[in-house]
Amino acid sequence: MGNIHVDRKLCDNHGQCAIAAPDVFRMNDDGILEFDEGFADTLLDEVEEAIDVCPVQAIFLKD
Amino acid sequence: MSISLETPYLDISDPSFAMQSEQLREAREQSWYARTNYGIAVLRYDEVSKLLKSPKLSQGSGKWPDHNGVHGGLFYDWWTKNLLVLEGEDHHRIRRLLNPAFSPRMIKELTPRFQALAEELISNFIDDGECEFIRDFAEPYATRVLTILLGIDESECPTIARLASTVGLALGVTFKRDLEKVDAAVGELYEYAEALIKDRQKNPGEDFFSRLVLASRDGDRLSDEELRNALVLLIFGGMDTTRNQLGLAMQSFMRNPEQWELLAERPELGGKAVEEVMRTNPTVTWVTREAVEDFTYQDLFIEKGTTVHLFTQSSGTDPKAFPNPEMDLLAENPPHYGFGGGVHHCLGHFVARADMSEALPLLARRIANPHLTGGDEWLPDSGNTGPIRLPIGFTKRT
């Protein structure tokens, strides 16, 4: 199980994470990011892609 | 649409329309949006930020050829199938396959090559005390960054630059007149791309383009046609924009010489320099969206199909969001939208940010007091802007 932290001060709701890792990140009807803090290990590649692709680099893995 | 006639009006197709003008500043002061000759223009930061990412708006450039009386041909076919205008899962699938090659970790490895390239180009003119900045730096830098990404020989540069500029005519107000040239250039680019794809499929290397060719996810991969379309987009979207933005950066620093000195003393501000230039003087002057349904935003009813232009420079210098809107490399400013935003956020922004943030401090370290020497020529502000020719004089720094 991995854990995600999103810096909400940096997050600009572009939604690239929701494209890269739709099993973990999604945009609600108002265009605001929602995500699961914990995710299964099988989704790690997807989550790392979301971290990489974030235009403002606001996503981090928590230890 | 319920737009009152007191709303400011901007003729954005007029070649003399100026983004950085009193007219625009007054319009922004008066209202968050303006009427234009097609659709509305959003002028303020907060509204641009929200609408750029709004699910009520889709990418609005799909109809650009049709708006210009072009309804078929090679460019038309490419344009209507490329990532820029695709929506929904069609867009997301291709974006997921392209993303890994553009990741910041991959791009960071190229930093030493960007630095060496900048040093080489500067050394060619540094002893002359003058240069034509576009011809001698911005264009060769942008083109050769592309040859580095594609892993092709730099002798290909003139061909790539010519084809990219010709295809770029499609974004200008004279698109229809240039259609034959544009389609011929797309045809040449296709042939070039197809040969390159075949080569990398047979002989994959460690380069960026090999990574694209080999990219797969969950058993899915890009077809040859999708790869070709992506390569054309890379050339089309990556070259002119970087060249123009570097030219605009030099203009910005010539207007703000104390910022140039600061950058020369503190090269680690290269990244901030890119952000500040793009906030105050972006090459992409607006991002186009289209209403996918009727909706009301603030006081405005926006009808389905309405074109919405999100103005980048105007939003990036909005006094409501930036109390001191002037370029300032030491300021902690909110993000600009020079790379667009939302699902269509520029795919290549990590490359552009990385290459320009190396180029600018290296230039500042070698060149003092850059100034215009006359004969500069400019693209109009409508669409993608920047200098076509930028002759400058300078003092060589010792």
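Among contacts in chain A of this predicted model between residues at least 6 apart in sequence, 65% join residues at least 24 apart, two residues being in contact if their C-beta atoms, placed from the backbone, lie within 7 Å. Local features need pLDDT of at least 70 and side-chain atom pairs count only at pLDDT 80 or more, while totals for chains, interfaces and linings use all residues. Residues are numbered from 1 along each chain as its sequence is written, and chains are lettered from A and ligands numbered from 1 in the order in which they are written.

Chain A contains two helices and five strands, in the order β-α-β-β-β-α-β along the sequence; helices (H or I, at least four residues) and strands (E, at least two) are DSSP runs, numbered from the N terminus. Of the 63 residues in chain A, 40% are buried, that is, have 20 or more other C-beta atoms within 10 Å of their own C-beta atom, placed from the backbone. The C-alpha atoms of the chain fill a box of roughly 30 × 20 × 15 Å along the principal axes.

In chain B, helix α12 (residues 224-255) packs against helix α14 (residues 270-280) at an angle of about 90 degrees, with the axes 10 Å apart. Axes are lines fitted to C-alpha atoms, for helices over the stretch in contact, and angles run from 0 to 180 degrees between N-to-C directions. The contact involves Gln245(B), Leu248(B), Ala249(B) and Ser252(B) of α12(B), and Val277(B), Met278(B) and Thr280(B) of α14(B). α12(B) also packs with helix α16 (residues 349-366) of chain B, at about 35 degrees and with the axes 11 Å apart.

Note on methods
A residue is buried if 20 or more other C-beta atoms lie within 10 Å of its own, exposed if 12 or fewer, and partly exposed in between; C-beta atoms are placed from the backbone.
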